[in-house]
Amino acid sequence: MQEPPQPLDIDELLRQLAALTKMPALDQQAAERVGTALDAAAQSVRQATTGAASSAATPARQQAVDALSELGVPANPALIAEFCRAYFGSELAPRALASIRRDELRAYRAKSSTRSMWVVPALTTQLMPARGYLALSSWPAWLRIHGTRSARVDVLRVLLVLLDRLAGLRAASTEVLRSSREQQRARISDLVVKLGIGVPGLDHRIDPATAREAIQDELDQLAPKDRAERDAAAAVLSTLDEEQRLFGRTDQ
């Protein structure tokens, strides 16, 4: 008997389309057509999953996975929710993620899940769960560790992600897409300004060149020491059992 087709993973399809536009063999005209199709598909999907008329909202866990995948660094529920709104145009209440760590650990221990990736707590340098910070189990160990400088380093990296997205928002060919893109640009710009307090070039008028230079200068000062601290903790983490490597130690 033929198996029924598996549900289409829209987010994975969108990521593949986005990757296609960056292929060197793709000419500019083709890349622009793919980019336009990508934006239209993304807008339709987001409206379908977050609109008031939607029959089933995207689960909070999946929204967290999507946000963390784009952010590329540990984040707390408030930032994840703000990023979902700015980047995807979806609404996610931070409280919806309140139990996610317990739920993931319970599912992991049940050994009945086929998940290949878990939403896990970021870990302190003592390898205990870092209060309020979430990460992805697929990340390298050092990235899942939250050191004394990591909060600032990670915010700077998030700012670069957001600035890259702003730079990548191309002119749209239709009125609907132009409106959608301008709304996204405004949401992302607001988040950049909020997160970039004190960074030159990130006030009410964003100056990307000035901001990037200031961010990189600060990263050059902080990132090496931050990485060394994370690497040292990751070396110890590698000696623990799998559950502790993912969810942290519970002993004092």
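Modeller: Let's start with Phe83 and Tyr87. Both sit in helix α4, four residues apart, about one turn of the helix. Helices (H or I, at least four residues) and strands (E, at least two) are DSSP runs, numbered from the N terminus.

Biologist: Before we go on, what kind of model is this, and what pLDDT do local features need?

Modeller: The model is predicted: local features need pLDDT of at least 70, side-chain atom pairs count only at pLDDT 80 or more, and totals for chains, interfaces and linings use all residues. Residues are numbered from 1 along each chain as its sequence is written, and side-chain values use heavy atoms, with hydrogens and water left out.

Biologist: Back to the rings. How many aromatic pairs does a search of the whole structure find?

Modeller: Five aromatic pairs turn up. Rings of Phe, Tyr and Trp (its six-membered ring) pair if their centres lie within 6.5 Å; planes under 30 degrees apart are stacked, over 60 edge-to-face, and the rest tilted. Phe83 and Tyr87 are a stacked pair, at 4.6 Å centre to centre and 15 degrees between the planes.

Biologist: Is Phe83 buried or exposed?

Modeller: Phe83 is buried, at 0% relative accessibility. Buried means under 20% relative accessible area, exposed over 50%, partly exposed in between (1.4 Å probe, protein chains only). Tyr87 is buried as well, at 14%.

Biologist: Why is the pair of Tyr87 and Phe88 called edge-to-face?

Modeller: Their ring centres are 5.3 Å apart and the planes stand at 85 degrees, so that pair is edge-to-face. Phe88 is buried, with a relative accessible area of 12%. Phe83, Tyr87 and Phe88 form one aromatic cluster.

Biologist: Which charged end sits over the ring of Tyr87?

Modeller: That of Arg165, 5.6 Å from the ring centre. The rule: NZ of Lys or CZ of Arg within 6 Å of the ring centre and within 35 degrees of the ring normal. Arg227 also lies over a ring face, that of Trp142, at 3.8 Å from the ring centre.

Biologist: Now helix packing. How do the axes of α3 and α4 cross?

Modeller: Helix α3 (residues 60-71) and helix α4 (residues 77-88) have axes that come within 9 Å and cross at roughly 80 degrees. Axes are lines fitted to C-alpha atoms, for helices over the stretch in contact, with angles from 0 to 180 degrees between N-to-C directions. The two helices are therefore roughly perpendicular. Angles under 35 degrees count as roughly parallel, over 145 as roughly antiparallel, 65 to 115 as roughly perpendicular and the rest as oblique.

Biologist: Which residues make the contact?

Modeller: From α3: Gln63, Ala64, Asp66, Ala67, Leu68, Glu70 and Leu71. From α4: Ile80, Phe83, Cys84, Tyr87 and Phe88. Contact means heavy atoms within 4.5 Å. By class, this contact has nine nonpolar, one polar and two charged residues. Ala, Val, Leu, Ile, Met, Phe, Trp, Tyr, Cys and Pro count as nonpolar, Asp, Glu, Lys and Arg as charged, and the others, Gly among them, as polar.

Biologist: Zoom out. How many helices and strands does the chain have?

Modeller: Nine helices and two strands. The pattern along the sequence is α-α-α-α-α-β-β-α-α-α-α. Of the 252 residues, 39% count as buried.

Biologist: Loops next. Where is Leu127 found?

Modeller: In the loop between β1 (119-123) and β2 (129-136). Leu127 has a positive phi of about 70 degrees, although it is not a glycine. Most residues other than glycine have a negative phi. Leu127 is buried, at 2% relative accessible area.

Biologist: And what does Leu169 touch?

Modeller: Arg181, Gln184 and Arg185, not counting residues up to four places away in sequence. Leu169 is in the loop between α6 (150-168) and α7 (175-195). Its relative accessible area is 8%, so Leu169 is buried.

Biologist: Last one. Is Val199 buried or exposed?

Modeller: Buried, at 6% relative accessible area. Val199 is found in the loop between α7 and α8 (208-237). Leaving out residues up to four places away in sequence, Val199 touches Arg152, Leu159, Ala211, Ala214 and Ile215.
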